[in-house]
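The sequence and the model are shown first, and the description follows.

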Amino acid sequence: MWRTIGIVFFALAAGACSENPPSHQLVMLDGEAVRIPRSSVNDGAVHFFTFEHDGKNVNFLVRCDGDGTLHTHLDACYACYRYKRGFVVEGPNLVCIACRLEYAITDEVWDYIGACAPISIHSTIEGDQLVIGESVLARAARYF
């Protein structure tokens, strides 16, 4: 019986530590910005999106910290973006797939470790929408 439990636990743990990038929901412009309903991203989880710009997918994520504040970051870090691996969620952490550094999703401010840091991007809240300007995502395309 213990052998069976150990095998099941190992299989579950192995699946939880995937180095496969998450799937990204495609978002489109609404005017000169991407608009995401706030209600779809303020649940404490990390949500991954992509925006097509000049033939590139600009991948970004939205997270809600422990105080309920929404934060937007590129799915890339300053040190590892050239590997084009991004981040994955493992338990309560956002983990860089390339170098394996972890950031607690619920932390209000991430203390960056070395050059591996999720790249923050500017966003605003307008009514019930999270808004990211097209120009912000266009400038971010260089990381992809």
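## Overall composition

Buried residues, meaning those under 20% relative accessible area with a 1.4 Å probe and protein chains only (exposed is over 50%, partly exposed in between), make up 38% of the 144 residues in the protein. The accessible surface, calculated by the Shrake-Rupley method with a 1.4 Å probe, comes to about 8,200 Å², and 54% of this surface belongs to carbon and sulfur atoms. This is a predicted model, in which local features need pLDDT of at least 70 and side-chain atom pairs count only at pLDDT 80 or more, while totals for chains, interfaces and linings use all residues. Residues are numbered from 1 along each chain as its sequence is written, and side-chain values use heavy atoms, with hydrogens and water left out.

The protein contains 2 helices and 11 strands; these are DSSP runs numbered from the N terminus, helices (H or I) having at least four residues and strands (E) at least two. Read from the N terminus, the order of elements is α-β-β-β-β-β-β-β-β-β-β-β-α. Contact here means heavy atoms within 4.5 Å. Of the contacts between residues at least 6 apart in sequence, 53% join residues at least 24 apart.

## The five-stranded sheet

An open sheet of 5 strands has the order E1-E3-E4-E5-E9, with mixed pairing. Its edge strands are E1 (25-26) and E9 (118-120), each of which pairs on one side only. Two strands are said to pair if DSSP finds at least two bridges between them. E5 and E9 pair in the antiparallel sense over 2 bridges, and His 73 has Ser 120 in E9 as its bridge partner.

His 71 also belongs to strand E5, which covers residues 70-77. His 71 counts as buried because its relative accessible area is 18%. Its side chain makes a polar contact of 2.8 Å with the side chain of Asp 65. A polar contact is a pair of N or O atoms within 3.5 Å; within protein, one must be able to donate a hydrogen and the other to accept it, and residues adjacent in sequence count only if both atoms are side-chain atoms. Leaving aside residues up to four places away in sequence, His 71 touches Leu 61, Val 62, Arg 63, Asp 65 and Glu 108.

## The three-stranded sheet

A further open sheet has 3 strands in the order E2-E11-E10, with antiparallel pairing. E2 and E10 stand at the edges with a single partner strand each, so one side of each has no neighbour in the sheet. The twist from one strand to the next averages 35 degrees; axes are lines fitted to C-alpha atoms, for helices over the stretch in contact, and angles run from 0 to 180 degrees between N-to-C directions.

E2 and E11 are joined in the antiparallel sense over 5 bridges. Arg 35 stands opposite Val 131 in E11, and Pro 37 has Gln 129 in E11 as its bridge partner. Strand E10 (residues 124-126) pairs with E11 in the antiparallel sense over 3 bridges, with Thr 124 opposite Val 131. The hairpin of E10 and E11 has 2 residues between the strands, and Gly 127 there takes a positive phi near 65 degrees.

Strand E6 (residues 87-90) and E7 pair in the antiparallel sense over 4 bridges, and Val 95 in E7 is the bridge partner of Val 88. These strands form a hairpin with 2 residues between them, where Gly 91 in the turn has a positive phi of about 60 degrees.

Ile 97 lies in the loop between strand E7 (93-96) and strand E8 (102-104). Ile 97 counts as buried because its relative accessibility is 2%. The C-alpha atoms of Ile 97 and Cys 80 are separated by 8.8 Å, and the two residues are 17 residues apart along the chain.

## The nonpolar cores

A nonpolar core is a set of buried Ala, Val, Leu, Ile, Met, Phe, Trp, Tyr and Cys residues joined through side-chain atoms within 4.5 Å. The largest such core has 23 residues, and those with the most contacts inside it are Ile 36, Phe 60, Val 62, Leu 74 and Leu 137. The elements giving two or more residues to this core are strands E2 (33-37), E3 (46-53), E4 (56-64), E5 and E11 (129-133), and helix H2 (134-140). E4 provides the largest share, 4 residues. Apart from this core lies another, of 13 residues, including Phe 48, Leu 61, Tyr 103 and Trp 110.
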